[in-house]
Amino acid sequence: MIHMTETLAVHTVEGFLMPDETAEVVKLLDDHLEATRWVPVRPSDGIVAPDAVQEILAGAVARALPTIRRVFPSAAAATPWDYHDLRPGDRIPPHVHGVSDPDGRPQRVARVAFHLQEAERGGEFYVDTCASDALWTGRTAGPGSGFAPGTRFVREISHHAGPQAVAALSGIPRTRWTSAPPAGTAVVYGAQLVHGVETVREGRLRKLITNLMDGPVSPPPPRTG
């Protein structure tokens with residue numbers, strides 16, 4: 001059962017990937033990008049990492065899960081990882097994914113972000129905290145939910161939300177916590193935290209993101225073509 005504090009927590013896993021693993025992931029992704037010619041239309045767009053990268057990251061998650069569970073005890077499995085590539089001028093504005101269906105299974109407990117390459121300037125990841133009730137809905141978890149009874153849920157304001165939702169979020173007073181994790185570190189952050197990426201000023205930001213779920217994740221359909 002997921003407790004509300006898990007969805008609002010932040011944790012780090014230093015040494016999530018070893019230097020040789022990181023180098024191999026970079027090579028595999030470079031080969032994949034050259035083969036697919038993928039270019040993001042928007043800074044928030046991602047592409048599912050190739051199978052060989054997924055295998056390396058799955059091993060890293062398995063190693064890290066015992067330490068992750070100290071803060072997120074409900075975490076049981078990870079979804080396939082997405083790759084994101086941000087260039088100068090790109091940013092991901094503050095947003096929050098929230099919980100769309102509290103009665104669904106499995107449920108997202110948290111997200112994991114791993115930076116393959118830091119921007120030379122800018123591109124910092126951040127989470128925003130606040131005390132305002134304006135961020136929350138009136139929903140609470142009831143019997144049969146995957147969440148502890150009484151758990152409250154934030155409003156869903158994704159980075160693709162309309163201007164009205166974005167304006168509502170921008171009007172809520174918040175405190176920003178910006179991270180500069182050491183090389184090889186993964187940042188784990190609760191599913192109900194507002195978060196985003198500062199504008200990349202110089203260089204390139206390359207990152208991988210997954211969801212931590214409270215139960216088994218169905219394998220993706222086989223790739224064709």
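These exercises work through a predicted model.

**Exercise 1. Helix α2**

Find whether the span of helix α2 agrees with its number of residues, then locate its kink.

*Solution.* 
- Step 1. Helix α2 covers residues 51-71, which is 21 residues.
- Step 2. The expected span is 1.5 Å times one less than the number of residues, so α2 should span 30 Å.
- Step 3. The end C-alpha atoms of α2 are 29 Å apart, which agrees.
- Step 4. The kink lies at Leu-65 and is about 55 degrees.

**Exercise 2. Asp-90**

*Solution.* 
- Step 1. Asp-90 is buried but has no salt bridge. A salt bridge needs the charged atoms within 4 Å. Arg-87, the nearest side chain of opposite charge, is 6.3 Å away.
- Step 2. A polar atom of the Asp-90 side chain lies 2.8 Å from the backbone nitrogen of Arg-87.

**Exercise 3. Backbone geometry**

Which peptide bond is cis, and is Arg-37 buried or exposed?

*Solution.* 
- Step 1. A cis peptide bond joins Arg-105 and Pro-106, with omega about -15 degrees. Pro-106 is in the loop between β5 and β6 (108-117).
- Step 2. Arg-37 lies in the loop between α1 and β2. Its phi is positive, near 60 degrees.
- Step 3. Most residues other than glycine have a negative phi, and most peptide bonds are trans.
- Step 4. Exposed means over 50%. Arg-37 has 65% relative accessibility, so Arg-37 counts as exposed.

Methods: Residues are numbered from 1 along each chain as its sequence is written. This is a predicted model: local features need pLDDT of at least 70, side-chain atom pairs count only at pLDDT 80 or more; totals for chains, interfaces and linings use all residues. Side-chain values use heavy atoms; hydrogens and water are left out. Buried means under 20% relative accessible area, exposed over 50%, partly exposed in between (1.4 Å probe, protein chains only). Lys and Arg count as positive and Asp and Glu as negative; His and the chain ends are not counted. A polar contact is a pair of N or O atoms within 3.5 Å; within protein, one must be able to donate a hydrogen and the other to accept it, and residues adjacent in sequence count only if both atoms are side-chain atoms. Helices (H or I, at least four residues) and strands (E, at least two) are DSSP runs, numbered from the N terminus. The bend at a residue is the angle between axes fitted to the seven residues ending there and the seven starting there.
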